[in-house]
Structures are given as structure tokens and as C-alpha cells.
Amino acid sequence: MMGPSHALSGASVWLAGSWALDHFAGYEQSPLALAVGTAVCAGGALFPDLDLSGKVTRNQGGATVARTFGVFSLFFAEVMEKVSLGVYYATKLSKDPRRSNGHRTLTHTIPFTVLVGWGTTALCAAYGKWAVIGILFFMFGLALRGLFDEWAERAGWVVVTLASLAAAWFTFVTLPGDRGYPMIGLAVGVGSFVHILGDMITRAGVPILWPIPIKRRMWTMVSLPDSIALRAGSKTEVVVVRAALTVIAVLAAVGLVAPSVLQRFDIEV
């Protein structure tokens, strides 16, 4: 799937999940907390693709999301790709093919999503506000790049970086932190998992079963059959899938916000 579809899927899943928790479990969130969780989950849904680097010194190539913060994020993607490729060769079995890059390997596995979600929470708990601001800054930038890709492309990485930093600082000084740290980690982990599911319905697939060996292969790519699998960037993805995700997000957001708005005007639901 393309970056905007991944980001939109993360946002829609978080909004739909928040509506379900509010409706069935009575877990309420303020509008700001809801917006932050949605943005972080959208950013998390792009995070796994930071395993596709490009030409760092030229600020070219790689995944679109890898250019979110210019050469800095490209360098981060370069490191992540090399680590992923190293893990691939360290664990591959005889039937696993040779690879020249680490895209769709380590960062597209369930253990990675669990590690990212837990690690985010642990960092916030251990290092406090600076870790929180840093993680929010990073995830907000990815979300902006994914949800507003055309604007981000025109504005450039410097503007995206400044906007992300301002949003992260405003969020930290405004949002209560009593239960925020676990929710940030959960949003990042859920977003990463949603990314894996999105890539699993494409023809290339993902190694979602890693590290379970299957027929002398550790990195078995799991996907839908080619006859029904999505082709990245196809009209089906751009028009149908994104329209469906948008409808889900809007309906969930309305379901979450409408009751409080009606109560403010003393209108019974």
C-alpha cells in the first residue's frame, strides 16, 4: 500500500477503536487526547516503511516517509534498513532467497510491532517529557507526511519538521500525562500492526509469521492470492480503499464528538 493509505488506515482504526471503547466500555477521551492518539497511530502506520532508504547525501529516493525530515530521516531509514537486512541474513534458512535490501523484513513482523509499542511506553516512563516530546514530534511528522502528502511535498521537510515540533510541544504542555504514556505506546504499536495488515493484502505480502520456520524458510511472505490482492497505487487502493477508510474515520469521529456537542447545547440524545 502507498503511504497515504497506510496513514489513513491507522487514523481510521484508532478512531473506530476509540468509539468502540467509549460505546461499550465507557472509556472517554478528551477531543485533544483523541486527536493526538489518531495522529500518533497514523504516524505509527507509516513507521515500518522506514526500512527503505535512498541516497542520503542527495536527499533522494527511498520511501516517501523516509524523506519526512530530509537527510536526517533518510539516514535513520538507512540504519533501519541495514539492521533489518542483517537480521534477515542472521536468521534466514536454506530456502530463503538472497536480498539486496531489508525492506519488508524485520519492521514488518509482529515481534517488531510489540517491541515498538512496549519500547515507546518504556522510553516515555523512563525519560519523561523529553522522550514524550521526541516521540510525538517523530510520529506527528510521519502523520503529516502521510495524511497530507501533497501539502508536505510542496512545503518541504523543513516546514514539516517545524510544524511537527510545534504540535509536539503544544500537546505535551496541554495534555495531562496521568494515562498518556501507555496510550502513546499503544497507538504506535497498533499503527505498526495496521501497516502489516495493509501490506498483507498486496501481492508482495509480509513475513507476518516470522520467526516461525516453514518448509526451510524463516521469512515466508504471506499475502492474498494474486487474483484478489491489491496492487500498490492502483485505482482500487486510491479510490475504493481510501474512500472506505475515510467513511469509517468520519463516522467514528462523529459518533465520538456528537454526544458531547449535543450535551453542550442541552439537547437530549
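Cysteine 41 has a relative accessibility of 0% and therefore counts as buried, and in this predicted model the closest cysteine sulfur to that of cysteine 41 belongs to cysteine 124, 15 Å away, which is too far for a bond. Cysteine 124, likewise at 0% relative accessibility, counts as buried because the limit for that class is under 20%.

**Cysteines**

- A disulfide is a covalent bond between the sulfur atoms of two cysteines.
- With the cut-off for a disulfide set at sulfur atoms within 2.5 Å, the count for this model comes to zero.
- Cysteine 124 takes part in no disulfide, since the nearest cysteine sulfur, that of cysteine 41, lies 15 Å away.

**Geometry of H5 and H7**

- The crossing in which H5 passes H7 is right-handed.

**Residues in the contact of H5 with H7**

- From H5, the contact draws on Lys129, Trp130, Val132, Ile133, Leu136, Phe137, Phe140, Gly141 and Leu144.
- These residues meet Val160, Thr161, Ala163, Ser164, Leu165, Ala167, Ala168, Trp169, Thr171 and Phe172 in H7.
- By residue class, the contact of H5 with H7 divides into 14 nonpolar residues, four polar ones and one charged.

How values were computed
Residues numbered from 1 in each chain as written. Predicted model: local features only at pLDDT ≥ 70, side-chain atom pairs only at ≥ 80, totals over all residues. Heavy atoms only, no water. Left-handed = near helix turned anticlockwise from the far one by under 90°. Helix = DSSP H or I, 4+ residues; strand = E, 2+ residues; numbered from the N terminus. Contact = heavy atoms within 4.5 Å. Nonpolar A, V, L, I, M, F, W, Y, C, P; charged D, E, K, R; others polar. Buried < 20%, exposed > 50% of the residue type's maximum accessible area, 1.4 Å probe, protein only.
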